[in-house]
Amino acid sequence: PRCLMIPNGLDTAAFHEPVCAAGVRSQFGWPEDCRILIHVGRMEPVKNHLRVIRVAERVLTTDPSVRLLLVGRESPSMKPMLVDRLAESGFTDRVVFAGLRTDVAQLLRAADAMLFPSRYEGLPGAVLEACAAGVPVVASDLPGIREVAGRLSGVHCLSQAMSDERWADAVRQALACPPSRASRQMSLCE
């Protein structure tokens, strides 16, 4: 009775601006009809980038139209290991490390699904942003993410104990049923 929880707010104005999905794909050298699997988060062990890569590899193996976009501050100690892993699997040309960006809302609105297998989260701001962009999310079953999933649609929580293949199946399902671009009020490319 002495406590009151006030959910964190998110300024959604940037998620209502028109975005050209083909233009976003073009800036990364990707085909206009490819589907984007996005991860937004700083490159630290807690964000679980190695799992992002492992799960994405399984999706990329079965669907040549999918591309992986990694957005967030990069780590000079982690990135070479991730790049080597991608080179070994042969997917270097279908993955972009975009680094820090000021246009995350536009990137999310152009994406088809988000993969977010964090080991720990307080308030998952990137998940809230994906929801604001209308992007389905496959994320770790953590308290903050469960709370978001209980209030907003499109967030699918998975246990960290589940196999990478189960995670990949959930990503494939999210990619199979993304919200229509029209429902996200995307502009036509001019």
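Which residue in β3 is the bridge partner of L70? The bridge partner of L70 in β3 is F97. The model is a predicted one, in which local features need pLDDT of at least 70 and side-chain atom pairs count only at pLDDT 80 or more, while totals for chains, interfaces and linings use all residues. Residues are numbered from 1 along each chain as its sequence is written, and side-chain values use heavy atoms, with hydrogens and water left out. Helices (H or I, at least four residues) and strands (E, at least two) are DSSP runs numbered from the N terminus.

- Strand β2 comprises residues 66–71, and six of its six residues are buried, so the strand is largely enclosed by the rest of the structure. Buried means under 20% relative accessible area, exposed means over 50%, and partly exposed lies in between (1.4 Å probe, protein chains only).
- In a regular strand the side chains alternate between the two faces of the sheet.
- Both faces of β2 are covered, with V66, L68 and L70 buried on one side and R67, L69 and V71 buried on the other.
- Strand β1 (residues 35–40) pairs with β2 in the parallel sense over six bridges, where pairing requires that DSSP find at least two bridges between the strands.
- Within this pairing, H39 has L70 of β2 as its bridge partner.
- From β1 the chain crosses through α2 to β2 in a right-handed β-α-β crossover. A crossover is right-handed if, with the strands pointing away from the viewer, the path from the first strand over the helix to the second runs clockwise.
- β2 also pairs in the parallel sense with strand β3 (residues 95–99), over four bridges.
- A right-handed β-α-β unit is made by β2, α3 and β3.

**Salt bridges**

- The structure holds 16 salt bridges, each being a side-chain nitrogen of Lys or Arg within 4 Å of a carboxyl oxygen of Asp or Glu.
- One of them joins R85 and E57, whose closest N and O atoms are 2.8 Å apart. Because R85 lies in helix α3 (residues 79–89) and E57 in helix α2 (residues 49–62), the pair ties together parts that are 28 residues apart in sequence.
- R85 counts as partly exposed at 26% relative accessibility, whereas E57 counts as buried at 7%.
- E74 and K79 form a salt bridge with their closest N and O atoms 3.0 Å apart. E74 is partly exposed at 28% relative accessibility, and K79 is partly exposed with a relative accessible area of 25%.
- A salt bridge also links the side chains of D169 and R172, at 2.6 Å from N to O. Both residues lie in helix α7 (residues 164–176), three residues apart, about one turn of the helix.
- Through shared partners, salt bridges join R51, R54, R58, D164, E165, D169 and R172 into one network.
- D169 is partly exposed, with a relative accessible area of 34%, and R172 is partly exposed at 23%.

**Helix α7**

- The 13 residues of α7 should span 18 Å at 1.5 Å a residue, which agrees with the 18 Å between its end C-alpha atoms. The expected span is 1.5 Å times one less than the number of residues.
- D164, W167, A168, A170, V171, A174 and L175 are the buried residues of α7. They cover an arc of only 160° around the axis, which puts them on the same side of α7; the arc is that of the directions from the helix axis to the C-beta atoms.
- The face turned away from the buried side of α7 carries the exposed residues Q173 and A176.
- The buried residues of α7 pack against β1, α2, β2, β4 (113–116), β5 (137–140) and β6 (155–158), contact meaning heavy atoms within 4.5 Å.

- G144, I145 and V148 are buried in α6. Seen down the axis of α6, its buried residues fall within an arc of 95°, so they line one face of the helix.
- P143 and G150 are exposed on the other side of α6.
- The buried residues of α6 pack against β4, α5 (125–133), β5 and β6.
- A149 lies in helix α6 (residues 143–151) and is partly exposed, with a relative accessible area of 25%.
- Not counting residues up to four places away in sequence, A149 touches V155 and C157.
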